[in-house]
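Reader: Could you walk me through how the helices in this one sit against each other?

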Amino acid sequence: MSDTKPPDTYSGDFEPLEEVESELERLVGHPRFEARRLQAVAEEGESGTTPLIELAVVASRVIPFVVLMIGLIVGVYFLALR
């Protein structure tokens with residue numbers, strides 16, 4: 001068996017504490033700031049989450065409309081039964 005050891009040199013590419021700090025800042029930030037950040041990410045289009053962000057934007061406008069339409073249809077139905 002070969003004796004493999006992890007490298008002794010530290011790679012500065014990934015700083016776990018900086019990653020955690022940036023995520024915590026993002027989580028405690030105001031929702032409007034987060035919305036602006038997500039909009040900027042979606043505009044860049046280079047992130048893998050871009051389709052999900054765009055889907056959420058569309059859903060946030062379509063779902064209330066669908067709920068309103070269903071409510072109106074059910075309301076008209078029950079008024080017609082009277």
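**How two helices cross**

Author: Helix α2 (residues 31-44) and helix α3 (residues 50-81) have axes that come within 9 Å and cross at roughly 125 degrees. Axes here are lines fitted to C-alpha atoms over the stretch in contact, with angles from 0 to 180 degrees between N-to-C directions. This is a predicted model, where local features need pLDDT of at least 70 and side-chain atom pairs 80 or more, while totals for chains, interfaces and linings use all residues. Residues are numbered from 1 along each chain, and side-chain values use heavy atoms, without hydrogens and water.

Reader: Are α2 and α3 parallel or oblique to each other?

Author: Angles under 35 degrees count as roughly parallel, over 145 as roughly antiparallel, 65 to 115 as roughly perpendicular, and the rest as oblique. The axes cross at roughly 125 degrees. So α2 and α3 are oblique.

Reader: Which residues of α3 does α2 meet?

Author: Contact means heavy atoms within 4.5 Å. From α2, L38, V41 and A42 take part, and they meet T50, I53 and E54 in α3.

Reader: How many helices does the protein chain have?

Author: Helices are DSSP runs (H or I) of at least four residues, and strands (E) of at least two. The chain's pattern reads α-α-α. With zero strands, the count of helices is three.
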